[in-house]
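Me: Hey, can you walk me through this one? I have a few quick questions.
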Amino acid sequence: MFIDEVKVNARAGHGGRGCVAFLREAYRPKGGPSGGNGGRGGDVILQADHDLNNLINQYYVPKLWAENGEHGLGKGMDGRAGKDILIKVPCGTLVWKVSGQDSLPSGVTVDETDEDAEVAPPVIPGAIRRQGGEFAVEVPLDDAEDKPKPAFDKSNASLVADLTHHGEQFILCKGGRGGLGNRNFATSRRQSPQYAQPGEPGEDGIYLLELRIMAEIGLVGYPNAGKSTLLTAISRARPKIAAYPFTTLTPQVGIVEYADMKRLTVCDVPGLVEGAHLNVGLGHAFLRHIQRCKAIVVLLDMAGTDGRLPWDDYRQLLVELERYNPEMIAKPRIVVANKIDEAVAAENLKKFKKRVPKTPVIQISAAFDQGLAEFKEKIRQAADI
Ligand SMILES: Nc1nc2c(ncn2[C@@H]2O[C@H](COP(=O)(O)OP(=O)(O)OP(=O)(O)O)[C@@H](O)[C@H]2O)c(=O)[nH]1
Ligand SMILES: [Mg+2]
C-alpha cells in the first residue's frame, strides 16, 4: 500500500513533578529538604530517511507519543527523563499542524490520585502550584476505526516543516520540563520548603504528514504512453508494464546513472487523463509528487495506440498540469514522442510538428531502445547536474 498522506496524533512526554521530601537518617534527624527533580518529558522527533518511500508506518501507528519524565524522589533522587521517540519518514515529507484540534479530547478525565505526594503543597508566590495529576493524563487512543483518510483538508493547517534531506530532523513536539524538587527552594530563611514544582506538560497536536517525492524529473503522460517502459529502459526501476491503462498505480522512482557517476532521480506517476486536476482517474492524488521536480517530461504516445491523437494529448496534459498548479507549466519541459518504432508514428509526428511548431520533440522508442541516449542527455541538461 502506498500512503502519501496521513494524520497523526503527536504528544511529547510531560515533565515529572518535583518531590517534597526531607532527609531522615541515623544521626541526622533534620537532614533538610531532599526532594529530587522530575525528569524531562521525551520529545517526538521526525527524521527524514532516504530508505523509506511512503508513510505506511504512520498510517498503521498514527499515535506518536513520547514517554513522560519520572517524578523526583526523596533522598535527592531525580526522576529519569522520558525517552524521545524518533519517527522516520521519507525524504520529501511536509508537516502540517492542524489548528483547532487538540490531541487531548475534551472531557478527558484527569488522574487525581496523587499517591506519590509526600506533603500537600501550599500556595507559594513564585512557585508553580502542583495541580494533582493534571499533567499525568492518560488519553484513550482514538477509535480504531478512525483511520487516516486521504486528501486531507489543509485549509486550517499550517506548514511547520519540510524534511527534504536524509538525516534531517525536526522536533515535532517538545517534552515538558521536569519540576524542581523542594531542595531547590531551601533558603536561609525558609529551610524546610514544603513545595515543589509540577512538571510542565509536553507539547501535543494533530499533524498531517504529506509526502511529496523528491525526484528531479517527473514523467507525465496519458495511461499506456510508455512511461513505465521508459523508466525501465533508463534506470534499474522495474515498475509493472502492461498494455492496459492505469498499470502504474503508485509513483515509482528510478535512478538514472551516467558514465561520470552522476545520478538523476526520475519519477513515473500514474497516467493522467482529462480532468486529472479534478481528481478524475488517479491523476490528482499523484500530481503532488512531481511538484518538486526540476523539469517535467511530457511523454506522448506518437502511435496513438489508444485511438487518441498525440497533439490533443499534449494540449490536454498541459491544461491538466496548469489547472493543478500553474507553476508546473513554468518548469522546464521536455516533450518526448514515444513508440516511434510504429509505422504510423512518423506520420503523426509530422502532423504534430505542424500543429505544435515551436516545441522541440525528442523521438524515442522506449521498448526498442531508440533515442534513449539523447533523452538521457536532455533530462540531465534540464535538471542541471
Ligand atoms: N511499440 C511500442 N510499444 C511500447 C513502447 N513503449 C511502451 N510500449 C507499450 O505500451 C504499453 C504500455 O506501456 P507502459 O510502460 O505500461 O505505459 P504507462 O505509460 O506506464 O501506462 P500506465 O502505467 O497505465 O499509465 C505496453 O504494452 C508497452 O509494451 C514503444 O516504444 N513502442
Ligand atoms: Mg506505468
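Me: How many residues surround ligand 1, and which are the closest?
Reply: Keep in mind that this is a predicted model. In it, 25 residues surround ligand 1, and the closest are Gly226, Ser228, Ala243, Thr248 and Gly271.

Me: Which helix gives the most to that shell?
Reply: That's helix H2, residues 227–234, with 3 residues in the shell around ligand 1.

Me: And how do the shell residues divide into nonpolar, polar and charged?
Reply: The shell around ligand 1 has 11 nonpolar, 10 polar and 4 charged residues.

Me: Where is asparagine 224 in the chain?
Reply: Asparagine 224 sits in the loop between strand E9 (217–221) and H2.

Me: Is asparagine 224 buried or exposed, and why?
Reply: Buried, because 21 other C-beta atoms lie within 10 Å of asparagine 224, and 20 or more is enough to count as buried.

Me: What about lysine 339, where is that?
Reply: Lysine 339 is in the loop between strand E13 (333–338) and helix H6 (343–355). Its phi is also positive, near 65°. Lysine 339 counts as buried because it has 27 C-beta neighbours inside 10 Å.

Me: Last topic: how many residues apart along the chain are glycine 79 and glycine 16?
Reply: They're 63 residues apart, with their C-alpha atoms separated by 6.7 Å. Glycine 79 is in contact with Gly16, and its other contacts include Gly36, Asn37 and His71.

Note on methods
Residues numbered from 1 in each chain as written. Chains lettered and ligands numbered in written order. Predicted model: local features only at pLDDT ≥ 70, side-chain atom pairs only at ≥ 80, totals over all residues. Near = placed C-beta within 6 Å. Helix = DSSP H or I, 4+ residues; strand = E, 2+ residues; numbered from the N terminus. Nonpolar A, V, L, I, M, F, W, Y, C, P; charged D, E, K, R; others polar. Buried ≥ 20, exposed ≤ 12 C-beta atoms within 10 Å, placed from the backbone. Contact = placed C-beta atoms within 7 Å. Lists of a residue's contacts leave out its neighbours within four places in sequence.
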